[in-house]
Amino acid sequence: MKNTIVSQVKDKAIWIVFIILFIAFAFANKRFVSPSNLFTIARQVSMYGIAAVGMTFVILIGGIDLAAGSIITVVNVVCAYLMVEMQFSMVAAVLTSLILAAAIGALNGFLVAKIAMPAIIATFATQIIFEGAAYLLSGGTPVYGFDERFKIIGQGYVGPVPVPVIIMALCFALGAFILNKTYFGRYFYAVGGNEEASKLSGIRVKGIKFLIYTLSGLFAGLAGIVMLSRTNSAQPTAGKGFEFDVITCVVLGGVSVSGGFGKISNVIAGVLIIGILTNGMVLMNVSSYTQMVVKGLVLIFAVGFDSLQNSGVLTKA
Amino acid sequence: MVAAPYFEKTRVLKMNEEYVLELQHITKIYPGVVALKDVSLEVKKGEILALIGENGAGKSTLIKTCSGAVIPTSGKIVVNGKEFSSMTPQLAAENGIAIIYQEFNNVKGLSAAENLFLGNPIKKGFVIDKKAMEKEAEKAFAQLNIKINPKTLVGDLTVGYQQMVEIAKAIKQDAKVLIMDEPSAPLTSAEVESLFKICELLKAKGVSIIYISHRLEEIFRLSDRIVVLRDGQYIKTLTTKESHVDELIHLMVGRDLTESYPERKKCIKEDEVVLELDNLSGNGNHDISLKLRKGEVLGLGGLVGAGRTELAQVIFGSAEKTGGKIIFNGKEIHPRSPREAIDLGIALVPEDRKRHGALLDISIKNNISMPIYKRISKASVINSKTEVDTANKYKKELLIKTPSINQDVKNLSGGNQQKVILAKWLAANSELIIFDEPTRGIDVGAKFEIYKLINALVESGKTILLISSEMEELMGMSDRIIVLAEGHMTGELKKDSFDQKAIMRMASAVVGG
């Protein structure tokens with residue numbers, strides 16, 4: 001009995017951290033809790049939340065996707081290029097960009113699953129390649145001048161709720177659905193827990209890895225579309241460093257970096273914590289460099305906790 | 001916190017000083033298992049002492065007490081008159097004991113010379129003196145008549161030469177007792193000859209050797225005396241010249257068959273061949289041919305490393321075949337992955353339950369459903385009622401002891417974990433089930449339950465290939481036994497002619513080379 005209570009609390013610990021932080025910022029700055037600021041936070045984190053769903057899958061199998069940021073850049077530049085230079089319709093441009101994002105993810109999947117490259121190197125290499133490619137395509141200058149309706153994705157509202165927040169919520173729901181209800185979601189946990197035993201249980205491990213990196217590319221691509229719509233112009237450095245914030249969100253959300261454990265519900269908390277930390281610090285006029293220091297420390301604490309748990313230090317009485 | 005790991009005192013007894021190493025009354029108890037029971041042996045200066053015994057006789061555990069890798073529960077280790085209650089790796093080295101394990105202790109990216117001086121390089125100021133080390137290495141190799149260029153990277157050497165570097169390292173560190181664990185196993189016959197020459201040379205130099213091997217003719221060629229272990233106990237010491245193969249085999253396996261095995265109805269369908277291997281080669285095995293009939297338990301005997309697990313991997317699609325045919329239910333099959341084998345109706349209960357068998361961090365329910373998820377899903381969505389019903393059904397049928405099917409498998413006992421793995425294959429409708437050491441690390445009561453399950457399986461029309469290193473289990477559970485040695489089939493026995501000695505003789509046969 002006692003054990004289940006302890007594990008329940010441990011399971012929800014990240015939400016407790018969120019609540020404490022929330023209260024602390026609320027006391028520190030009154031503006032923080034105003035409805036408009038809360039929606040701003042939700043809108044700000046939406047891109048991270050969307051990409052975090054794919055990254056959760058990747059980290060769940062013990063992998064990593066460093067290309068997420070450059071996929072966002074590519075999607076920004078390409079989607080803008082298609083709409084402005086090629087006169088593509090909005091829908092066609094978005095779909096083409098998403099397919100491209102998934103294709104880059106699939107390339108990562110191919111390198112990791114079929115070629116058996118370490119994920120950290122494979123996705124690091126594609127990150128550099130596509131960052132460069134996006135720059136070459138854009139010529140280094142921002143692309144802008146989109147259809148007015150394109151703004152809806154990133155800036156629109158349904159009632160009081162921003163559209164990107166709705167997209168994020170749908171992505172979280174889809175992620176949770178995949179992990180809890182579909183058979184390949186179960187395979188993700190199995191492969192993350194023990195590749196060899198998974199293979200011997202009849203799971204096509206390479207196929208699962210390929211699928212996961214492709215999905216990660218797709219979710220990053222969607223985040224890229226939201227970003228493009230929000231900023232209304234394609235920057236050739238739009239997604240630089242984005243992957244690190246996403247990884248922080250996921251790891252903070254309790255997804256084990258060694259694979260096999262993790263829940264979307266807790267990743268939501270991870271995303272929100274990064275959101276209120278950033279927003280709260282901005283409201284308190286903390287410089288962006290100090291923010292970096294804080295975020296790095298948060299990452300160390302999150303992974304450190306996970307590592308300590310794995311090594312059994314925390315479970316020993 | 002803990003008392004000093006060893007004690008040391010000078011011995012007064014002069015009588016035994018002809019021995020360089022004595023193990024006295026060594027006992028090692030692991031929770032639930034007595035690995036060594038009051039084992040004593042002595043090694044004379046300049047002799048080659050062979051240590052033999054079946055799988056699990058305790059040879060490896062015994063030599064590990066000499067290196068400090070295993071701390072004996074009781075007993076003494078006496079080296080040159082100095083007494084120790086246990087060793088540490090440093091103490092062993094200081095006292096001239098060196099072990100050559102099957103897995104070499106080398107760094108493949110460094111040269112032979114650098115490996116020789118690993119951890120203790122010759123330095124010139126702050127930098128290592130490669131020239132001096134290479135010169136010294138050349139001398140060390142020449143002493144043993146080994147022809148190796150000291151500059152060659154160890155990773156580029158053949159296994160035989162890597163082993164020689166290991167031996168040279170031991171001798172350079174002034175080893176007086178060299179212990180070798182199955183040194184000839186990975187070698188070609190030419191390399192074995194070189195190894196023997198080195199052993200003879202070392203013997204002439206006064207170095208003592210403890211030689212562990214299952215190849216009995218090597219032991220007759222090389223050793224002066226033979227110590228036989230069986231089931232963790234000392235059996236006898238023989239003078240090699242005065243002993244005979246039959247006597248050795250008798251001593252190695254000569255236990256009374258005491259355990260009883262559950263009765264099984266006759267259920268073999270003689271004319272229904274489920275699995276046929278026709279000159280199958282691959283994964284270290286050569287030209288294996290056998291037939292397995294419906295309802296039969298075919299035992300696969302042999303020593304550790306004989307290639308039994310490797311054969312199972314080829315049939316299960318997790319290792320490649322290089323020649324021959326696998327015929328399953330009359331059709332030739334080419335399983336290229338476990339998934340394909342599973343879909344055909346072949347299942348494997350692997351040897352290493354925790355690493356390869358069960359997904360420990362996942363629930364019983366999920367483990368059982370793993371191979372059949374696709375079947376019980378509609379548009380990728382799992383039918384959770386079917387999943388729960390299936391898991392509950394097998395929980396009941398196989399008597400899996402657990403409060404809930406949502407329990408993680410890591411929380412179950414070994415026997416119950418094995419049942420979950422079996423449930424998974426029953427759910428997948430497997431026809432042929434390969435058991436690789438199904439009762440390893442499982443307590444006696446649970447063992448009997450597994451045996452009863454195996455009987456129930458064949459009685460219900462399943463077919464079983466049983467790999468077991470436990471002679472009694474193999475003989476007690478099989479309808480027929482096929483023995484492998486070093487990747488070759490060396491014999492076949494029908495139930496009425498099962499005989500421990502015959503199996504042992506087949507298992508220690510040397511084929512080809």
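Modeller: Two residues count as in contact if their C-beta atoms, placed from the backbone, lie within 7 Å. By that rule, 24 residues of chain B are in contact with 19 residues of chain A. This is a predicted model, in which local features need pLDDT of at least 70 and side-chain atom pairs pLDDT 80 or more, while totals for chains, interfaces and linings use all residues. Residues are numbered from 1 along each chain as its sequence is written, and chains are lettered from A and ligands numbered from 1 in the order written.

On the side of chain B that touches chain A, the elements giving two or more residues are helix 10 (338-344), helix 11 (353-357) and strand 20 (381-382) of chain B. Helices (H or I, at least four residues) and strands (E, at least two) are DSSP runs numbered from the N terminus.

Chain B also holds an open sheet of 6 strands with mixed pairing, in the order 18-21-22-15-23-24; two strands pair if DSSP finds at least two bridges between them. Strand 18 (346-349) and strand 24 (488-494) of chain B are the edges, each with a single partner strand, so one side of each has no neighbour in the sheet. Within strand 24 of chain B, B:Gly491 is the bridge partner of B:Val483. Helix 17 (residues 500-507) of chain B packs on this sheet, touching strand 15 (297-301), strand 23 and strand 24 of chain B.

Note on methods: Axes fitted to C-alpha atoms, helices over the stretch in contact; angles between N-to-C directions.
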